[in-house]
Amino acid sequence: MKKIEDTRVVIGMSGGVDSSVAAFLLKEQGYDVIGIFMKNWDDTDEFGVCTATDDYEDVIKVCNQIGIPYYAVNFEKQYWDKVFTYFLEEYKAGRTPNPDVMCNKEIKFKAFLEHALALGADYLATGHYAQVEVRDGQTRMLRGKDNNKDQTYFLNQLNQEQLEKVMFPIGHLEKKKVREIALEQGLATATKKDSTGICFIGERNFKEFLGQYLPAQKGVMETMDGKQMGHHDGLMYYTIGQRHGLGIGGSGDPWFVIGKDLERNVLLVGQNINNDALFSTSLTATDLSFTTTLEKPKSFTCTAKFRYRQEDVGVHVELLSEDKVLVTFDQPVRAITPGQAVVFYQGDECLGGATIDEVFKDGLKLDYVG
Amino acid sequence: MTRIYLDHAATTPMAEEVIQTFTKEINEEFGNASSIHQTGRNARKKLDQSRHVFAASIGAHETEITITSGGTEADNYALFGTAYARKSEGKHIITTQIEHHAVLHACEQLEREGFDVTYLPVNKEGVIDVNDLKNSLRDDTILVSVMYANNEVGAIQPIQAIGELLKDHPAYFHTDAVQAYGSIEIDVHALHVDLLSVSSHKINGPKGIGFLFVGKGIALKPLFYGGQQERKKRAGTENIPAVVAFAKAVELKQSKLQENITRNVQLKQAFVQQLTSNGVQFTVNGPETDVLSHVLNISIPKTDVETFLVQLDLAGIDASSGSACTAGSIDPSHVLVAMYGENTPVLRNSVRFSFGINNTEQQVIEAANKISKIIH
C-alpha cells in the first residue's frame, strides 16, 4: 500500500464550505492533495460576469490557505451533452428530471474522475455527505452521518468501480461541525451561504430559465372528474404534488397538482394535501444501478427513498430485468414522480437506485402521473 | 523540487543588478520629481537619466518617451489617445487578429464607441501580409496598430515594410513591442513608427512600469489628468525606484542583446533536440525564421492542454498556453485560431515554452525528459 504522503487525491472544489473543509481534512491527514474546480456551465452575462468566476476566486483563496495547488477544468460540453440535454428531454416528456443524479453519474464521477486519474490521482474526493467503507471485499456507500444532509440519494448511480476510487472526507461529520472547522481554520468560505436549487439555474427564476429552452404551451387545469379550474402556463412548469403557483382561489382545502394529460395538454389538479389520487402503491423504474458487484437476489426487501430528504419507506423489490425493477411499497406513498430517482437502502448502506418510470395503485397504472 | 521556469514570455525574474538598483533606490530615495527642493531634484535627475536610457535604446529623443504603468497602459494610451485625438479626421483603425488583448479589447471598446476596426488575418505561420494592410487602408484610417512580434508563437511582423507603406499616409503607426523589445534591435526612425509600447517586467525589470514612445508631432489625448508629469501627457507621481530599475534592466539587455539571442537559440535547440531524440512527436507553431529567439510554441498530438499544463506543473515545469483559462473557461488561443481556423486539434494541444536568463541547458534537457515521461 502507498504511503499517505505518496497518495495523490484530487478534490473537486466548488468554492463552497463543504469541499473547502474536505480539502483541508485531506491535507491535514497528509495526502498529496490537488484542488480542482469544475466549470460545467457558462452563465456569463452582458457585463462579462459569470458566477463561476467568483466561486473560483474562493477556491483559489481556500487552496492557498490550505497550501495545495489548484486548477480548473472545463466540462461545459460534456455537461451539455450528457446532463442538460437529458434534463430538457425529460421535461419535454412531461417528467421531472434530477440533473444532480445525472451530473454525478456522467460528469463528477466519470469525466472528472478520468481527468483526476490522468493527473496521477489515486483517489477522487468530493465534499458530499456520504461515506464509503470496505466490507467483505466490496466498497459500500453509506449514508452521510448528518441525516439531514445525507446526499447518497444523488449518488445512487455510482458503481463499484467508481466507489473504489472515491473519498468523502466530510461524510462522517455533521454540517454544523463542518462550519465549525471552517471557522476555526479561518477558511475564506467559512460563512459562505450554501448553494440551493439546480446548479445551472442557481438563484434565477426557474420558469423563466426553462422557458428560454423549451416552448411553453399554455392550457387548462381540470379536476379528476373533468371540471375546468382555470389555466396553466405550460405542463413542464409543474411537478406532481406541487401546491404553489396554481392560482386557484376560493374556500376549502388548498389545491395540488395531481397529474398531467400530455395529449390534451391538461394539468390535473385536486384539493387536499392528502388527496387520494396522489397516493400510489408501486412503481417500475429503469436505469437500474447497484453500488456493489454482489449478485442480487431476484427479489428482496429493503427501504427506499423516492425524493431527496424523504423518510425511508419499507419496500419489496423485484428484478424484472437487468435494467428494470418493480418496487412495491409497504404503505401507500404520496406524490411519486416519474423522472426522479428511487434509491434503495439496507440499514445505512445505499444499495443503488433507478429512475422512476411508471406509477401504480393496487396494480393499476396511474396514466395521469406519467 | 527545484522548479524549471519556462514561461518568460509571461513574465521574467528581475536580474540581480536590477534587484540591487531597485532596493538601493527604495532605501535611499523617496523624493517627488516635481518638488522644488533638493530631495525632489534628486528624484528628477534620476528620472531624466532613466528617460535618456529608454530613448537611446530605440533611437528616440527623450521628449518622445512617456513613462506608463506598463505595456497595457502604453497600448491603451496609444489606441484611445489616437482615437480620441483624431476622431474628427476619421474613425477607421486597422489592427491584426493576433494582437495582445491589451490592444484587441481596447479596439473592441472603440468599436462600441463608434469606431470602425479592421482586423487583419495572418498566414499559417502567424504573419500578416502587407498587401492586406495596403488594401484595407482608407482615407479615414487614423491608426494602424500591428504588434512587433507575437507573444504566443513569436512570429515577427513586417514592421519596417508597414512603416514604409504608411510614410505617405496620415494614419499613425503603433507597434506593441512588449514581447520583441529586448530580443530585437529596434530603431524607431528606421522603422518609421509613430508609437511603440514597451514593458519592463518582460525584460527582467520590475512590474508596473513601461513606456510608450510617442514620435515628435504625434498628438494623443491623455488618459489621466492631474499633475504636470510627463509633459502633461500622463499625470501621476512617478515611481522613481521602478523607473530607475527598469532603466538598469534596459541597459543590461542592450549590452547583452546578441549574447542573449545566441543563448536563447541554443536553449531552444537543445530543448527541441532532446524532445526529438526522446521520440516525442510535435510540430512547431510559428515561423522557422523571423521568430523570437526565446519563444517556442509546440503542438503535441494526442495531448490535451488543460491536462498537460497541470501535469507539467506537478512535474515542476512552469509553462503556459495562449488560452485564457480563468475559472475553467478555456477559450482557444485567438492567435492559433487566426493561424489555423476553428476546427483543428492544434487549438487543444499547443503549449508555449519561453526561455530566459536563469535557464541552463541542463534545465531544458531535464524539462524535455519530464515531458517525454508525461506523454509516454
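Trainee: What makes both faces of β3(A) count as covered?

Mentor: On one side Tyr70(A), Ala72(A) and Asn74(A) are buried, and on the other Tyr71(A) and Val73(A) are buried too. The cut-off is 20 or more other C-beta atoms within 10 Å of a residue's own for buried, 12 or fewer for exposed, and anything in between for partly exposed, with C-beta atoms placed from the backbone. This is a predicted model, in which local features need pLDDT of at least 70, side-chain atom pairs count only at pLDDT 80 or more, and totals for chains, interfaces and linings use all residues. Residues are numbered from 1 along each chain as its sequence is written, while chains are lettered from A and ligands numbered from 1 in the order in which they are written.

Trainee: Why is β3(A) called largely enclosed?

Mentor: Because 5 of the 5 residues of β3(A) are buried, the rest of the structure largely encloses this strand.

Trainee: What makes β3 of chain A an edge strand?

Mentor: The open sheet has 5 strands in the order β3-β2-β1-β4-β7 (chain A), with parallel pairing. Both β3 (70-74) and β7 (166-167) of chain A pair on one side only, and these are the edge strands. A strand here is a DSSP run of E of at least two residues, a helix is a run of H or I of at least four, and both are numbered from the N terminus.

Trainee: How do you know that β2 of chain A and β3(A) pair?

Mentor: Pairing asks for at least two DSSP bridges between two strands. Strand β2 (residues 32-39) of chain A is joined to β3(A) by 5 bridges in the parallel sense, and Met38(A) has Val73(A) as its bridge partner. Further along, β1 (residues 8-12) and β4 (residues 123-125), both of chain A, run parallel and are joined by 3 bridges. There, Val10(A) stands opposite Leu124(A).

Trainee: What makes the phi of Asp287(A) worth a remark?

Mentor: Most residues other than glycine have a negative phi. Asp287(A) is not a glycine, yet its phi is positive, at about 55 degrees. Asp287(A) lies in strand β12 (residues 279-290) of chain A. Lys302(B) also has a positive phi, near 70 degrees, and is placed in the loop between β10 (295-299) and α10 (305-314) of chain B.

Trainee: Why is Asp287(A) called partly exposed?

Mentor: Asp287(A) has 17 C-beta neighbours inside 10 Å, so it counts as partly exposed. Lys302(B) has 8 such neighbours inside 10 Å and therefore counts as exposed. Trp80(A), in helix α3 (residues 76-92) of chain A, is partly exposed because 15 other C-beta atoms lie within 10 Å.

Trainee: How do you know that α8 of chain B has close to its expected reach?

Mentor: The expected span is 1.5 Å times one less than the number of residues. Helix α8 (residues 240-255) of chain B has 16 residues and reaches 23 Å from first C-alpha to last, close to the 22 Å expected. As for burial, 13 of the 16 residues of α8(B) are buried, making this helix mostly covered.

Trainee: Which residues touch the most other members of the largest nonpolar core?

Mentor: They are Val9(A), Ala23(A), Val342(A) and Phe213(B), in a core of 206 residues. Here α8(B) is the top contributor, giving 10 residues. A nonpolar core joins buried Ala, Val, Leu, Ile, Met, Phe, Trp, Tyr and Cys residues through C-beta atoms within 7 Å. Beyond its neighbours within four places in sequence, Val342(A) is in contact with several residues, among them Leu283(A), Phe306(A), Val327(A) and Ile356(A). Contact means C-beta atoms, placed from the backbone, within 7 Å.

Trainee: Why does the radius of gyration of chain B agree with a compact globule?

Mentor: The rule, over C-alpha atoms, is 2.2 Å times the number of residues to the power 0.38. For 376 residues that comes near 21 Å, and chain B has 21 Å, so the two agree. Buried residues make up 50% of chain B and 42% of chain A.

Trainee: What is the confidence in chain B?

Mentor: On the predictor's per-residue pLDDT scale from 0 to 100, chain B has a mean of 96, with 98% of its residues at 70 or more. For the complex, the predictor gives an ipTM of 0.86 and a pTM of 0.90.

Note on methods. Two residues are in contact if their C-beta atoms, placed from the backbone, lie within 7 Å.
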